[in-house]
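Please keep the sequence and the model in view while reading.

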Amino acid sequence: MPVLTAPPKDRPAFAPAGDRSRVEQAVVAGALAAAGPEMLVRTDVPQPDGSVRLYAAWTHRGGPLADRIDRLALARGLDAWSWVEILTHHQHTTHRGRIEVRTHPLRQILADVERGHRGNEEHRAGLARILADDAERSGRPPLPAPGLPAWMGVGPLLWHQYTGGDMVVERHWLGR
């Protein structure tokens, strides 16, 4: 059996040196193509500096449905912990190497939001303590009571509001 001592010279390049965006976008496009209608598809791509680039996209009819969910969740006063619990409960996670793809069926999320699902109160209080501790360590003022942000959103309108219109956001660990 032959053993390669060096990579073949005609090995295809997946992206220009230093530009990973085409490969990342191809993974996102593949994840969208594999998901059914009315889905939120979140793709986390680890970066060389330790940060994570998060892509959010919606399949057919997903964007308008997700915006409807956000309006209802905000009207019902759901917060970031409700968002965490609902999205975690309704997610299917796959991996493509180190890249993580999470698909969320929006109809199931809508059902929880319509029920006013708030999540575990003990866990909610724990998240509020973590955020308050992080704010204190980094010199920021704590969030107003109850110490949690509002519903984080599943739709493009809220996503654009948080990201300034970009569909991609870089996330760093707390305290950075």
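Which residues does Thr43 touch, not counting residues up to four places away in sequence?

## Thr43 and its contacts

The model is predicted. In it, Thr43 touches Val27, Val28, Ala31, Arg53, Leu54, Tyr55, Ile99, Glu100 and Val101, with residues up to four places away in sequence left out of the list.

Thr43 lies in strand E1, which covers residues 39–46. Its relative accessibility is 0%, and Thr43 therefore counts as buried, the cut-off for that class being under 20% relative accessible area.

## Thr93 in strand E3

Thr93 belongs to strand E3, made up of residues 92–96. Is Thr93 buried or partly exposed? With a relative accessible area of 30%, Thr93 is partly exposed, because this class lies between the limits of under 20% for buried and over 50% for exposed.

Once neighbours within four places in sequence are set aside, the contacts of Thr93 are Glu100, Val101 and Arg102. Thr93 and Arg42 are 51 residues apart along the chain, and their C-alpha atoms are separated by 9.6 Å.

## Packing of H3 and H4

Helix H3 spans residues 80–89 and helix H4 residues 106–115; the two pack at an angle of about 140°, and their axes are 9 Å apart. H3 and H4 are therefore oblique to each other, since an angle has to be over 145 degrees to count as roughly antiparallel. Their crossing is right-handed.

On the H3 side, the residues that meet H4 are Ile86, Leu87 and His89; on the H4 side they are Ile109, Asp112 and Val113. Sorted by class, this contact has 4 nonpolar, 1 polar and 1 charged residues.

## The chain as a whole

The protein chain has 6 helices and 5 strands. Their order along the sequence is α-β-β-α-α-β-β-α-α-α-β.

What share of the 176 residues counts as buried? The figure is 39%, and Thr43 is one of the buried residues. The accessible surface of the chain comes to about 10,800 Å², with 59% of this area belonging to carbon and sulfur atoms.

Contacts can also be sorted by sequence separation. Of the contacts between residues at least 6 apart in sequence, 66% join residues at least 24 apart.

Definitions and conventions:
Residues are numbered from 1 along each chain as its sequence is written. This is a predicted model: local features need pLDDT of at least 70, side-chain atom pairs count only at pLDDT 80 or more; totals for chains, interfaces and linings use all residues. Side-chain values use heavy atoms; hydrogens and water are left out. Axes are lines fitted to C-alpha atoms, for helices over the stretch in contact, and angles run from 0 to 180 degrees between N-to-C directions. Helices (H or I, at least four residues) and strands (E, at least two) are DSSP runs, numbered from the N terminus. Angles under 35 degrees count as roughly parallel, over 145 as roughly antiparallel, 65 to 115 as roughly perpendicular and the rest as oblique. A crossing is left-handed if the near helix is turned anticlockwise from the far one by less than a right angle, and right-handed if clockwise. Contact means heavy atoms within 4.5 Å. Ala, Val, Leu, Ile, Met, Phe, Trp, Tyr, Cys and Pro count as nonpolar, Asp, Glu, Lys and Arg as charged, and the others, Gly among them, as polar. Buried means under 20% relative accessible area, exposed over 50%, partly exposed in between (1.4 Å probe, protein chains only). Accessible areas come from the Shrake-Rupley method with a 1.4 Å probe; for residues, only the protein chains shown count as cover.
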